[in-house]
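Work through the exercises below with the sequence and the 3D structure at hand. Each task is followed by a solution in steps.

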Amino acid sequence: MKVASLIGARPQFVKEAVLNKEFEKSGVEEIIVNSGQHYDYNMAEVFFEKLHIKAPDYNLSVGSGPHGEMTAKIMIEFEKLMMEVKPDVVIVYGDTNTTLAGAIVAAKLKIPLAHVEAGIRMLPKDMPEEINRVLTDRVSNFLFCPSELSVGNLKREGITEGVYNTGDVTYDLYLKSKEHFDYSLYQSLKLEDSNYYLVTLHRDYNVDDKERFGAILKALQQLAKESRIVFPIHPRSRKRVEEFGFADLIKDMDVVDPVDYLSLMGLMEHCKGVITDSGGLQRESYFSGKPGYLLMPDPAWHELVTHKMNILCEPDTLLEKIKIGGEYERIDNIYGDGTAGAKIVKILTQK
Ligand code: UD1
């Protein structure tokens, strides 16, 4: 059996790390195609190195661009390649432009399509990631859901065939990598246990809107008076800080370049709480038992908000919600038992 995995953005490298090992274990030939949506060393290559992912067999090197252009460029190159490679299955991950491009190509070439992280739904409906998810699920043959809620979301849309609740591959990775978490940044920044918040922000609705981004940074600046703030900054957000003249607002924070997975988890393990708009960090905060304060209009992972492990905030309520804190009622195994990758490979190889 031959599978082709299309990846290209940071959250996909993380998921690929799990599947790649499982395919290797089961003797399945996996062709890795990297679209190149993310291309900075610390947004891409570092994940291959630190998580020991096999080097991509093909690099499409599309880089950044407007949504249509980026998606189209990936489609053009990926289609040519798939006509040559002729895999038994194409695998796409999550909700990026890379995901959608791969899904359309596989569906049109009539190559069975597997979507890892299917069934997630999130408002606003017009956000790029939501469009990518909905369309990808529509044309997928294997829909690997991370939770019961995502299975239910698909059912509501009439999608019941090929749907599997496997659990979340990022939970597999969290458990498998725990003993390798990297604490060097924690040490070099001279952080102490629970004396800092870990912050990440990159959603278009938060950082592209000058007023909203300014309000978020002002709230964080206020928080920085009593707690340290460690902010590994995404390139999109760094650009906006410069463009909007916000350098002063972040001067009291520990702003660092984007970090690799093991270092991010190292920072997570000792923080007081996580402030984020990332669906990945939202779950990872739960895995490590930290309150997650979400700057999102609607969470991708509703289960965590329902059970009060994550708290929805707005820029003007963030400080108050942090002060109140969460009634953290921990519920285990919402996202499976850490064997999602093995389950996915088993299902694919049995078909
Ligand atoms: C993308 C995904 C998002 C995911 C995120 C993780 C889409 C629509 N969005 O958002 O779901 O959560 O990745 O990071 O696919 N840039 C660099 N260097 C890089 C990568 C990006 O400078 O290595 C800059 C680009 O020039 C661009 C901006 O960052 O201006 C945004 O990059 P892009 O890949 O378009 O979207 P993300 O915000 O990263």
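**Exercise 1.** Decide whether Y171 is buried or exposed, then examine its ring pair with F287.

Solution. Step 1: the relative accessible area of Y171 is 14%. Buried means under 20%, exposed over 50% and partly exposed in between, with a 1.4 Å probe and protein chains only. Y171 is therefore buried. The model is predicted: local features need pLDDT of at least 70, side-chain atom pairs count only at pLDDT 80 or more, and totals for chains, interfaces and linings use all residues. Residues are numbered from 1 along each chain as its sequence is written, and side-chain values use heavy atoms, leaving out hydrogens and water.

Step 1: F287, at 6% relative accessibility, is also buried.

Step 2: rings of Phe, Tyr and Trp (its six-membered ring) pair if their centres lie within 6.5 Å; planes under 30 degrees apart are stacked, over 60 edge-to-face, and the rest tilted. The ring centres of Y171 and F287 are 4.8 Å apart and their planes stand at 40 degrees, so this pair is tilted.

Step 3: helices are DSSP runs of H or I with at least four residues, strands are runs of E with at least two, and both are numbered from the N terminus. Y171 belongs to helix α7 (residues 169-177) and F287 to helix α13 (residues 279-287), so the pair ties together parts 116 residues apart in sequence.

**Exercise 2.** Find which residues are linked with Y171 into a cluster by ring pairs, and what lies over the face of W301.

Solution. Step 1: the cluster consists of Y171, Y174, F181, Y286, F287, W301 and Y335.

Step 1: R283 lies over the face of W301, 3.8 Å from the ring centre. The rule for a charge over a ring asks for NZ of Lys or CZ of Arg within 6 Å of the ring centre and within 35 degrees of the ring normal.
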